Amino acid sequence: SIRSQNRGGLLSQKMPATEVPAEIQAARDKLRGKFDQVRTGGKGTVRRTKVTKHASHVADDKQLQAQLKRLGVNNIPGIEEVNMFKDDGSVIHFNQPRVQASVAANTYVVSGAGETKRLEELLPGIINQLGP
């Protein structure tokens, strides 16, 4: 039978190991190192195919504008500055802001570049805003 013929035959013999030249082994090691760097987890995980780009905030701004439109906000022209007073004595100061308001929804939108300043920095010009 075939079984008895293969007992000491070709199937049980081991192939002799061939020597790999040093430059080929170095190239293989270098290639293996490149594959290890792109794994997102441990051994056996899928390699990362591409670098993901972060989403921009343009879509967030469009969604915000759509929600504000649903609330029925209107632009209020002629406002030169807006100051928001905080409990710790600091002031959020907007110079030339875009102000929108919806009185029915009790919503006010102040957009623009805001700076956090100390109350003492703005004191000469904002005394009339402080109230009694």
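Which side chain does a polar contact join to that of His93? Here are a few friendly notes on this predicted model.

1. The partner is Asn83: the side chains of His93 and Asn83 are joined by a polar contact of 2.5 Å. His93 itself sits in strand S3, which covers residues 90-95.

2. Is His93 buried or exposed? His93 counts as buried because its relative accessibility is 7%, and the cut-off for buried is under 20%. Leaving aside residues up to four places away in sequence, His93 touches Glu81, Val82, Asn83, Ala113, Gly114, Glu115, Lys117 and Leu122.

3. Two of those neighbours, Glu115 and Lys117, also pair with each other, their side chains meeting in a salt bridge at 3.8 Å, N to O. Lys117 is partly exposed, with a relative accessible area of 21%, and Glu115 is partly exposed as well, at 41%.

4. Now to the salt bridges as a group. Side chains of opposite charge can pair when their charged atoms come close. The count for this model comes to three salt bridges.

5. One of them lies within helix H2 (residues 22-37), where Asp29 and Arg32 are three residues apart, about one turn of the helix. Their side chains meet at 3.0 Å, N to O. Asp29 counts as partly exposed at 40% relative accessibility, and Arg32 counts as partly exposed at 47%.

6. Another salt bridge brings together the side chains of Glu120 and Arg118, at 3.1 Å, N to O. Both Glu120 and Arg118 are exposed, whereas His93 is buried.

Technical notes:
Residues numbered from 1 in each chain as written. Predicted model: local features only at pLDDT ≥ 70, side-chain atom pairs only at ≥ 80, totals over all residues. Heavy atoms only, no water. Helix = DSSP H or I, 4+ residues; strand = E, 2+ residues; numbered from the N terminus. Buried < 20%, exposed > 50% of the residue type's maximum accessible area, 1.4 Å probe, protein only. Polar contact = N/O pair within 3.5 Å; in protein donor to acceptor, adjacent residues only side chain to side chain. Contact = heavy atoms within 4.5 Å. Salt bridge = Lys/Arg side-chain N within 4 Å of Asp/Glu carboxyl O.
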